[in-house]
Amino acid sequence: MKITRPITVFLFLASAFTASLYAQRNITTLEKGWKFLKGDAPQAESAEFNDSKWENVTVPHDWAIFGPFDRNNDLQNVAVTQNLETQASVKTGRTGGLPYVGTGWYRTEFDVETGKQTTLVFDGAMSEARVYVNGQEACFWPLGYNSFHCDVTGLINKDGKDNVLAVRLENRPQSSRWYPGAGLYRNVHVVTTEKIHVPVWGTQITTPYVGQDYASVSLRTEIINAEKKKLTVITKIYSPDGKIVAEKNNQGFINHGQPFTQNFIVNNPLMWSPESPNLYKAVSEIYADDTLQDKYTTTFGIRTIEYIADKGFFLNGKHRKFQGVCNHHDLGPLGAAVNVSALRHQLKLLKDMGCDAIRTAHNMPAPELVRLCDEMGFMMMIEPFDEWDIAKCDNGYHRFFNEWAEKDMVNMLRQYRNNACVVMWSIGNEVPTQCSPEGYKVAKFLQDICHREDPTRPVTCGMDQVSCVLNNGFAAMLDIPGFNYRAHRYEEAYEKLPQNIVLGSETSSTVSSRGVYKFPAVKKAQAIYDDHQSSSYDLEYCSWSNIPDIDFALAEDHEWTIGQFVWTGFDYLGEPSPYDTDAWPNHSSMFGIIDLASIPKDRYYLYRSVWNKNAETLHILPHWNWEGYEGKDIPVFVYTNYPSAELFVNGVSQGKRTKNDSTVVNRYRLMWHNVKYHPGEVKVVAYDNNGNKAAEKSLHTAGKPYRIRLVSEYTSLKADGKDLAYVTLRIEDKDGNLCPTDGRMVNFRVDGEGKYKASANGDPTCLDLFHKPQMHAFNGMLTVIVQAGEKPGKIRLRASAKGVKAGEFVIPVTE
Ligand code: GAL
């Protein structure tokens, strides 16, 4: 097996004490040089096993995203009880129609200095991971989303030979309600330390007092193998701009396993918030009998969170509502394989929409996402489970719950309890256990674990069975009652429950396909069409869900609602409701505010008009190419932060509309239901609160498709082999208007210091494979993703299609 050198981080230490050159913490991320087999192989764990015929892959790797899509990959005959179904029916595309089921093996080699303490850390492995080092089983971890670690010190070769790491993964059929991904889809690290060391996630930082003048910071450091040793811990606190703002040098012992505690005062602290995500660092040196043993860095933030009955949620003393979204973990065309630039891309789009919070539905996130939320300023609700002891899926987590729930909770809580962005834990989503008479006991068991591991954050649970949980004590027991949908019952819940606040833990589930419009524009549950799409007038939803306007109003009208997490920020693979019952080829969701190709749908601008208070939003829908509809009624909607606007078609006024309280929809949207279609120009002029003209926007009927235009906000990429640029492809007419119904096949060629990574078009029925360099446009658009290589230079992307001029995009790749 060929090994390419992995990324290594050495932390050498200097101090006033005996400087031991050997005292280092070494973290190696195993990315390159893996071998992969889809299938099972006897003795594949053995060190001597010949894997030369296996595929070469880099990790993170998702074995299922390369397809092919197939109806039989996840064909099921089930009743989805959460969707109010009582009888089984044939379900297609629920998990993305991708081949995630089955067994897979990964093998690689790693070298470590002998005599060190060696720990493997898996950020997540899908799923039922069995980890072997040099042929011996090192650990097993069933839940595919959680991070876990195993001490492999005893299994390391003593003669200095490279060590063989083998991982067997198995995904059972019917183990998920959405696309889970498959394989080593998150990073794997080798951590070596001295014998006396801080274990994985071994620190806990709290801020017992936070004021404008000063904050008290308390750091508890676990130190392993240090019983009876005289310990010295020197910790320096670094401010967001890298200055040392506090420092302590303390001596002591580990008494009865109690962590080593230090306290600091940070004067004039810079608070963490979504608007100013200030982060501090505590860098600790650990000495035993005056010899340096370890150096450990903990990143944290200083902020206060308060959830006050009747009054709501306060961050740093300021009242605010969660303007949040739920997201599944897949990255659309990249599948589940984690990539930092893809996550950053998602968060940037959400930020511009005015979103300030993320719920990791319904599982532990990638650590990279939590880090980005800390850095970019998003509050987080982290959630571990979609299932407890009662099944939703035949082979779901209920098989492991009794034995593993506490271990899973502990890992999640310890891993993320120092992250400022995390403001609340969830213990589960719509678990059937909520309706069992003793269900509250299970909830209490999980909530107690949260309180024990992290006394600083409250606990919620996404509940959908409102009658059950209001009557059986389940909702009353939680720190924060969280309701999924059922907005009409919030008031009752507020009055009946002792907490006197209500969280919209999951809201809306409006469905739409980007660029698809159905007439007339009317509110409708479970609307089904021959083309298997949903209308982008944002008035369609599922039997259990609702339009966004209702949730906006609830947030504005009641102090005791603490905000919402919309289902979902991004479309995801799987759960193609309302086309999940024998409706192949639908295989991805329609709930997203942003489509699977990361292109905002019209709904994005509706949320932006309400949530982003610092920017102007003025958006017109639909497009203006309605051949055959001349003289007929086309509904026109405008999403804007301005209170009123006037619409013109070819210069003729269609009247002025002002937001008003006559209906919930009129409160947030400006609508002209009977605009006679004439090709040409549709223009909107917006007026501010004083009736002054504030902005205008227009759309034109596009002529014949003429060219491909490639547009991107990315101006350079890092030569790290991972950085991505998202490029939007538009089929345009001669004048630069989008041809809004074009669906031609486009081919891509990438040259230079990078490669074609994937493309997507956001069409939930499209079976084009993401990793192949061709894709149909969907309503005139698609997204191409290119990935930087490891050398500086340029990447040139060329997109060509029959009948139109090709497009080109060039981006530099720098060191
Ligand atoms: C909820 C559920 C989500 C998703 C959503 C679709 O009930 O919690 O996982 O299924 O419905 O609307």
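Is Cys-435 buried, exposed or partly exposed? In this predicted model, Cys-435 has a relative accessible area of 31%, so this cysteine is partly exposed. The torsion about the S-S bond is about 105 degrees, which makes the disulfide right-handed.

The whole structure holds two disulfides. The other one pairs Cys-139 with Cys-150, at a sulfur separation of 2.3 Å. Here strand 10 (residues 136-141), which contains Cys-139, is tied to strand 11 (residues 148-151), which contains Cys-150, and the two cysteines are 11 residues apart. Cys-139 is buried at 14% relative accessibility, and Cys-150 is buried at 5%. Taken in sequence order, the bonded cysteines pair 1-2, 3-4.

Further cysteines can be checked for bonding. The sulfur closest to that of Cys-421 belongs to Cys-373, and the distance of 5.3 Å is too far for a bond. Cys-421 is buried, with a relative accessible area of 0%. Cys-461 is in no disulfide either, as the nearest cysteine sulfur, in Cys-450, is 10 Å away. Cys-461 likewise counts as buried, at 0% relative accessibility.

Thr-29 sits in strand 2 (residues 25-29) and is buried at 13% relative accessibility. The side chain of Thr-29 makes a polar contact of 2.9 Å with the side chain of His-189.

Notes:
Residues numbered from 1 in each chain as written. Predicted model: local features only at pLDDT ≥ 70, side-chain atom pairs only at ≥ 80, totals over all residues. Heavy atoms only, no water. Helix = DSSP H or I, 4+ residues; strand = E, 2+ residues; numbered from the N terminus. Buried < 20%, exposed > 50% of the residue type's maximum accessible area, 1.4 Å probe, protein only. Polar contact = N/O pair within 3.5 Å; in protein donor to acceptor, adjacent residues only side chain to side chain. Disulfide = S-S within 2.5 Å.
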